[in-house]
Amino acid sequence: MGPRLLSAVAWLCAAAAILLTLRAFAQAPPQSTPQATTTQATPQPPDEPPVCVKCHKEAWEGFAQTKHAVRVDPRTPFGTGRDCQACHGDATEHLKNPVKNSMPQRFLPTTLAAEKSGVCLSCHAGNRHLTFWDSGRHAVNGVSCNNCHNLHAPPPPAAASALKQRDPTVSPYVNTIRQLEYKTCTVCHMQIRSAILKPSHHPIMEGKVRCTDCHNPHGALSERMVNNESINDLCKTCHADKRGPYMFEHPPVEQNCLTCHNSHGSAHNKLLNEKVPNLCQDCHDWSRHPGTFYSGNQGWPPGASNTRLIARSCLNCHNNIHGSNAPANRGQFFTR
Amino acid sequence: MGTRLLAILAASCFAVPAIVGAQEPAAPAAPASPATPPASAATPPASEPEGGFKWFGNVGIGGIYTDWNSLNKWKLFEYRDMSNGVLSNIELHGRGGRDYVDFFAENIGRTDAFFDLRGGRYNAFKYSLYGNWLDHALSFGPYGGRSPYFGVGTNVLTTTFPALNSFVPPWNSFDFENKRRVLGGSFELSNIYVSPWYARADVNQIRQQGVYPGSAANGTSPGNGFTDLPAPIDYVTNTWAVEGGYSTRQAQVGINFLSSKFTNDNTLLFWTNPFFGGNNYDISTLAPSSDLWKISINGALRQLPGNSTLAGRVTYSQLTNSVGILGAMLNTGPVYTPTNPSAPTFEGKVETTSVTASFTSNPVRPFDYRLYFNYYDRANSSSTITFLSPTLGCPTRSDCTTLPFSYTRQNYGAEAGYRFNPQNRLSGTIDYQHFDQDRRDYPNASQWTYGLQWRNSSIDTLGILAGISYLQRRPEFALANAGANANDPLFLERYVARYDLSNLDQTRLRLVLDWGPMPFLDFGLEAYFKYNDFQPNPNLAPLLGRTKDQRQEYYGSVSYGDPQSLRVTFFGDIEWIWYDSQHRTINNVTGDPPVCTAASPNCYNPNTPPNSGAFNWNARNNDKNWALGTGLDWQALTRLLVKGSAIWYRTQGWADIASQNNFGNPMPIYSYDTTSRVSVNLKGIYSYDRHWQFTVGTAFEQYRYSDIAYNGYQYTIPAGTPPNFFGTSYLSGAYAFPNYRANIWYAMANYKFF
């Protein structure tokens with residue numbers, strides 16, 4: 001049985017098992033007009049929505065599917081019984097005259113970010129991932145929780161909460177239907193959207209690397225809010241093959257990966273900042289080939305096919321550029 | 001494939017017992033909050049689904065067909081599985097009185113599969129399991145993966161050289177790819193019974209298998225050629241971590257212990273060397289296995305006087321390995337020359353320590369400030385090995401004692417901000433960093449950064465962020481007296497200024513505008529400018545190395561429309577980057593170490609009048625990148641949503657080179673990583689009824705690449721004399737021929753159940 005057929009059969013068995021099990025617990029479909037949406041599931045909302053729904057039905061429908069609406073959890077707005085008032089304040093006056101009296105706590109663009117975030121932090125300040133919120137760049141630069149989080153939308157697949165995506169997706173074809181983080185982050189960090197489209201890039205658009213794999217948007221003590229104490233410690237959590245220790249080290253490599261690489265995207269292979277050999281020659285000058293220029297007549301025929309320029313240039317010979325455990329000059333020059 | 005499927009099915013099995021067993025009684029009503037809110041018109045009781053767990057979800061199945069045209073499809077497949085076949089996704093949610101579970105899987109059975117399972121018991125615990133597969137395509141045969149070696153995929157590569165015809169045996173084709181699989185999970189205990197204490201455990205495994213494009217110099221001189229080596233990848237990184245802590249709104253402290261073991265089943269690569277003769281084995285070293293453990297303590301104290309927060313972190317880690325040192329290496333003869341290491345084993349040990357503290361305060365409303373301190377120390381106490389092998393360059397030319405590299409970084413900074421009004425904030429930053437490192441050229445360096453930033457959102461519809469910073473770095477230079485005289489090669493080191501630590505003046509400007517003049521209309525602009533001016537080592541002009549670089553980028557976007565009906569977005573980006581550098585060509589040398597010949601006296605002094613054997617040259621490397629893109633979300637009909645996207649991205653690279661008196665006649669390089677990519681994607685999503693939804697889409701992509709290093713690519717560069725052709729270079733096609741054009745069609749049927 002070929003591998004593809006085996007895959008399809010296995011998938012069908014899994015789907016059948018799940019569907020058969022679920023059939024015993026199937027609920028009646030909700031009474032709503034089908035709207036063409038992305039393929040998100042639509043669950044039942046809590047049985048009795050709050051009075052706010054009479055006017056704010058749209059805000060409620062998505063919110064009802066979030067953890068904030070779970071009544072059996074005493075930590076949530078609906079678990080405490082305060083419902084929408086937990087975030088928006090006392091509704092007494094607003095209910096008397098909704099047009100004249102706004103809710104006390106509004107989340108407008110002109111509302112101070114600290115005030116908006118303070119609402120969330122009144123419950124979430126004790127969350128471990130917010131330990132360094134006050135020290136992070138987002139708090140300092142006036143970014144509030146609702147700039148990124150969409151509290152009234154149901155969480156998309158494989159996500160704890162919904163993120164805001166202001167604009168239609170602009171990306172090459174990708175095989176994932178998940179809502180990817182970069183679509184939210186690049187609303188403000190616009191250059192990053194362009195950087196990840198470059199020929200050499202981390203697979204961020206493809207859904208294999210997330211912004212939060214490297215950065216902590218909820219605050220961090222490290223520069224650029226990275227998830228680790230240093231850039232190199234961060235990179236080596238995924239690229240453990242580069243961590244050595246090596247007998248012969250390349251000091252700039254050990255000190256900062258970003259000396260040579262750009263983490264978001266580059267026109268040059270392997271996310272290098274600059275084309276090799278020029279990148280290497282910016283530090284290495286010596287007699288004979290390190291200090292020699294390699295110019296436009298040294299490419300492939302009719303050029304001279306100079307081995308220090310064609311293909312991977314310096315790395316054709318000095319392949320172990322991140323460090324080597326070879327002995328003597330073989331390791332010293334990273335050729336073995 | 002089988003492993004992916006088994007993992008996803010295994011994760012599904014976590015949900016199935018929960019489904020079958022979750023027939024839970026109704027939970028009691030939630031307790032009333034201490035501050036009783038005004039009564040709503042209908043105060044709902046605690047929600048509890050009748051009859052136990054409530055399930056809803058979504059199952060989708062479809063297919064993809066890709067018609068591609070390329071000699072080497074690696075760029076099309078780089079991070080995506082574009083092969084023809086079945087597409088699938090499963091989304092499953094369960095909600096009970098106490099428990100919840102969410103499961104998602106997509107691309108089941110494909111090389112870019114993904115699954116995520118998360119669940120828990122409300123206010124008790126939560127858990128997650130995840131899997132993410134990626135086939136990182138590096139180059140595909142027969143054009144992008146071809147080798148004369150047998151044993152590709154193993155750590156023994158053998159053949160008989162010369163093998164000048166790459167289209168006949170023993171040359172064979174294969175694929176360069178890194179098959180990466182990430183599996184992991186977590187469990188966290190945090191509930192009202194143990195609160196504010198919590199405990200957490202994480203596990204993670206990264207497995208990589210495949211072949212990557214390695215290479216090695218054939219001999220001991222650049223003129224001896226090189227050989228591409230398809231090196232095996234068989235890595236496993238197993239990481240686990242446990243954390244416990246105390247967390248309230250006022251204070252948090254957590255202690256985390258992490259252990260990570262990296263294992264490489266192939267730390268040596270044996271390969272037939274075509275240069276030394278006799279088709280003998282040479283040896284290259286591959287990534288060593290290693291063990292890492294780390295302990296971290298994090299904490300924060302909030303609500304301190306002056307509306308202040310004190311946060312801190314202390315970490316300590318230790319990375320170790322043990323590597324047997326090769327006792328002999330293939331050398332001219334051919335013979336295996338003893339390396340004579342001072343110890344048979346290299347014991348690697350690197351310890352890192354970091355201490356970070358941050359104090360933020362908002363003592364009075366318009367004024368806020370932040371003080372911070374960072375300390376990072378990398379202490380390399382690996383064993384020091386000395387080699388005594390003259391024919392392997394020790395001690396004739398090289399420094400043949402290893403130099404474990406350690407460094408320390410200290411950073412102090414302050415940032416203060418003042419709000420003229422709630423929407424208008426001006427802030428200033430001063431930052432100081434000091435580096436100490438085991439470097440011959442720059443044993444230490446100090447760096448000051450000054451910054452100003454203005455943030456304004458006074459107008460409801462307009463947000464402005466403008467910033468400027470100036471950085472000045474000044475290192476101590478320890479090679480000012482290197483070399484006895486200008487005929488001594490070390491003399492050149494006086495002028496080489498390595499840009500990662502050399503004297504630097506940097507200016508950065510940034511402007512961000514976000515403007516929404518009317519509902520559903522948004523403009524965005526980001527402008528960025530960075531200029532690095534590297535200075536020569538004190539009193540030692542000219543600078544050899546990178547002298548200046550600059551980057552400026554302008555990004556603009558406009559979006560219009562109601563996401564509920566029609567919204568379109570356009571963006572454009574243009575970026576210029578250039579690097580200036582100066583170097584010295586020195587060819588009239590003799591001996592080892594290479595000293596100047598009579599034809600070029602004082603050749604190592606770049607101020608010496610130039611001649612054809614010793615002259616200065618400079619270069620400017622240029623990158624110019626453009627991007628244009630548009631996207632569309634259109635609710636064309638009540639049941640039909642149309643999504644479209646189009647991108648044109650171009651990079652253009654070139655290099656200008658000039659030399660003193662035009663010695664060497666340098667010619668510009670016109671094509672340096674020049675690419676263009678067109679991507680168009682259009683799909684329609686039709687909701688037939690509450691249950692069924694159908695998606696049909698098509699995409700077009702075209703990628704073009706031009707680069708002097710790959711245009712006219714060949715698999716061999718013959719050198720040497722018959723019959724052996726020692727010195728010939730053998731290539732594998734790695735990264736060559738990436739151009740492609742592809743038409744993609746896909747369709748999916750989704751069934752929602754609730």
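Good morning. A residue is called buried when its relative accessible area is under 20%, exposed when that value is over 50%, and partly exposed in between. I begin with that definition since my opening example rests on it. Please also keep in mind that the structure above is a predicted model.

Consider helix H10 of chain A, which covers residues 231-238. Within this helix, A:Asn232, A:Leu234 and A:Lys236 are buried. What do the buried residues of H10 in chain A pack against? They pack against helix H11 of chain A, residues 251-255.

I turn next to the place where the two chains meet. Chain B contributes 278 residues to the contact, and chain A contributes 178 residues. Between them the chains bury about 18600 Å², and 56% of that area is on carbon and sulfur atoms. There is a polar side to this interface as well. The rule finds 93 residue pairs in polar contact across it, and the count of salt bridges between chain B and chain A is 15.

In one, the side chains of B:Arg567 and A:Asp167 meet, with 2.9 Å from N to O. In another, the side chains of B:Asp514 and A:Arg166 form a salt bridge at 3.2 Å, again N to O. This second pair crosses from strand E25 of chain B, residues 504-518, where B:Asp514 lies, to a loop of chain A between helix H7 (145-148) and helix H8 (182-188), where A:Arg166 lies. How accessible are the two partners? B:Asp514 is partly exposed, with a relative accessible area of 33%, and A:Arg166 is also partly exposed, at 23%.

Over all chains, the count comes to 50 salt bridges. Some of them lie within a single chain. In chain A, the side chains of A:Lys96 and A:Glu93 meet in a salt bridge of 3.1 Å, N to O. Both residues belong to helix H4 (residues 92-96) and sit 3 residues apart, about one turn of the helix. A:Lys96 has a relative accessible area of 59%, so it counts as exposed. A:Glu93, at 43%, counts as partly exposed.

B:Lys75 forms a salt bridge with B:Glu78, the closest N and O atoms being 3.0 Å apart. Are these two residues buried or exposed? Both are buried. Elsewhere in chain B, salt bridges that share partners join B:Arg439, B:Arg440, B:Asp441, B:Glu493, B:Arg498 and B:Asp500 into one network.

Leaving aside residues up to four places away in sequence, B:Glu177 touches several residues of its chain, among them B:Asp135, B:His136, B:Phe140, B:Gln209 and B:Ile233.

The surface of chain B also deserves attention. Strand E21 (407-421) and strand E23 (444-456) each supply at least two residues of the patch. One member, B:Phe367, lies in strand E20, residues 367-380. B:Phe367 has a relative accessible area of 31%, which makes it partly exposed.

Finally, I come to the backbone. In general, most residues other than glycine have a negative phi, and most peptide bonds are trans. Chain B provides exceptions of both kinds.

A cis peptide bond joins B:Ser195 and B:Pro196, with omega about 10 degrees. B:Pro196 lies in the loop between E9 and strand E10 (197-217). The peptide bond from B:Ala541 to B:Pro542 is cis too, with omega near 0 degrees. B:Pro542 is found in the loop between strand E26 (521-534) and strand E27 (545-562).

As for phi, B:Phe725 is not a glycine, yet its phi is positive, about 50 degrees. B:Phe725 occupies the loop between strand E35 (716-717) and strand E36 (729-730), and is partly exposed at 21%. B:Phe737 likewise has a positive phi, of about 55 degrees. B:Phe737 lies in the loop between E36 and strand E37 (740-753), and at 25% relative accessibility counts as partly exposed.

Thank you for your attention.

Methods. Residues are numbered from 1 along each chain as its sequence is written. Chains are lettered from A and ligands numbered from 1 in the order in which they are written. This is a predicted model: local features need pLDDT of at least 70, side-chain atom pairs count only at pLDDT 80 or more; totals for chains, interfaces and linings use all residues. Side-chain values use heavy atoms; hydrogens and water are left out. Helices (H or I, at least four residues) and strands (E, at least two) are DSSP runs, numbered from the N terminus. Buried means under 20% relative accessible area, exposed over 50%, partly exposed in between (1.4 Å probe, protein chains only). Contact means heavy atoms within 4.5 Å. Buried area is the accessible area (1.4 Å probe) that two parts lose on being put together, summed over both. A salt bridge is a side-chain nitrogen of Lys or Arg within 4 Å of a carboxyl oxygen of Asp or Glu. A polar contact is a pair of N or O atoms within 3.5 Å; within protein, one must be able to donate a hydrogen and the other to accept it, and residues adjacent in sequence count only if both atoms are side-chain atoms.
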